[in-house]
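Please open the model in your viewer and keep the selection panel at hand. The tour moves from one selection to the next and says what is found at each.

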Amino acid sequence: MPGPADGLWSIGELAERAGVTVKTVRFYSDRGLLPETARSAGGHRRYGSGALDRLRLIRSLRALDLPLPEVRRVLEDEAGDGGAGTVLEDAVAARLGGLGRQLAALRWQEAGLRLVRDCPPRERADRLRLIAAVAAPPSTDAPARFWRAWLPPRMPARAVSAFLEHAVPQPPADPVPAQVLAFARLHALVTGPCPAARPCQPAVHGADARSRAAVLYAGLAEAYGLAADPLRSGRAPHAGAALDCFAAAYAAAYGTGDGTAFRRRLRDRLAADPRFDRYWELVAEVAGPRDGRPAVTPGTAHDWLLAALDADVERAA
């Protein structure tokens with residue numbers, strides 16, 4: 001279809017050339033996205049030669065599901081600085097981020113539905129209750145709040161953040177039903193009350209040790225890292241660098257030196273401290289196996305080191 005002789009399109013001509021309806025052209029025109037150039041003697045809209053390209057751009061942007069305010073900003077940016085497209089890049093990046101979140105939510109919802117579908121009928125009500133309490137995709141806010149309440153109140157913010165990076169599991173992007181169930185159970189665990197029958201704070205969190213909390217948890221993180229390799233390789237708990245680092249971290253927190261007598265007292269004291277075995281079991285389930293082996297968590301590393309400490313104390317006895 002050749003262009004109009006006077007360089008102006010009627011609304012019908014523009015719609016036909018663009019492959020849209022007159023109603024669509026009028027919609028974008030009424031919202032200021034496709035301004036008319038002039039009016040005919042009869043009051044009909046007339047559009048300039050650039051209207052066709054502008055209309056095609058609008059349709060392309062809308063095909064990406066960009067909202068009208070974003071389309072307007074892109075058009076203004078394209079017209080204002082020679083088509084640099086910075087606003088378009090930002091709009092596309094924002095849309096991609098939004099789609100990523102939607103897809104993550106859909107993957108969690110799909111895994112949750114499969115979890116309910118495949119479980120025995122007598123368990124469905126309980127599983128529905130568990131997964132309904134967690135957003136899709138889930139947030140890590142509840143586990144983070146749990147640890148912030150449990151850690152010493154004077155612990156520096158940087159040390160708290162470093163600990164949370166290791167202790168709070170990130171929800172997998174593409175979960176299987178078992179991971180959805182594990183995260184839902186983890187959420188229920190950390191939002192429930194502390195059992196009154198046992199203490200909720202370890203002895204090392206006492207007032208005399210709070211000022212050394214950052215030293216303790218930095219040392220524990222290093223010890224857990226050293227214990228990871230023997231854990232992955234299936235080696236039995238034993239004395240060595242990981243245990244030395246573990247004991248030194250507690251010795252620093254208590255303001256004393258490491259040695260056989262201290263390790264004996266430490267073993268007895270840690271045996272009485274509150275344990276979060278179920279928490280770490282669920283963290284491992286959320287992470288899923290790697291290379292056919294359960295995930296190494298701070299909890300499994302801590303247990304390995306406690307067993308190494310016990311063996312070391314017994315050997316020295």
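Begin with the largest cavity, which has a volume of about 360 Å³. To find its centre, select Trp-150, Tyr-224, Pro-274, Phe-276 and His-302, the closest to that point of the 23 residues that line the largest cavity. A cavity here is a set of points, on a 1 Å grid over the protein atoms alone, where a 1.4 Å probe fits but cannot get out, and lining residues have an atom within 4 Å of a point. Grid points are joined across faces, edges and corners, and a volume is the space filled by probe spheres set on the points. A search of the whole structure finds 1 cavity of 30 Å³ or more.

This is a predicted model, in which local features need pLDDT of at least 70 and side-chain atom pairs count only at pLDDT 80 or more, while totals for chains, interfaces and linings use all residues. Residues are numbered from 1 along each chain as its sequence is written, and side-chain values use heavy atoms, with hydrogens and water left out.

Colour the lining by element next: α7, α10, α13 and α14 each supply at least two residues, and the largest share, 5 residues, comes from α14. Helices are DSSP runs (H or I, at least four residues), numbered from the N terminus.

Now move to the largest pocket, with a volume of about 780 Å³. Select His-166, Arg-232, Val-296, Thr-297 and Pro-298, which of its 32 lining residues are the closest to its centre. A pocket is an open set of points with protein on both sides within 12 Å along at least five of seven lines. The elements giving two or more residues to this lining are α8, α10 (213-232), α13 and α14, and α10 gives the most, with 10 residues.

**Stop three: helix α13**

Just after α13, Gly-288 takes a positive phi of about 80°.

**Stop four: Ser-29**

Finally, is Ser-29 buried or exposed? Ser-29, found in helix α2 (residues 22-30), counts as buried because its relative accessibility is 11%. Leaving aside neighbours within four places in sequence, show Leu-34, Glu-36, Arg-45 and Tyr-47, with which Ser-29 is in contact (heavy atoms within 4.5 Å).

Conventions
Buried means under 20% relative accessible area, exposed over 50%, partly exposed in between (1.4 Å probe, protein chains only).
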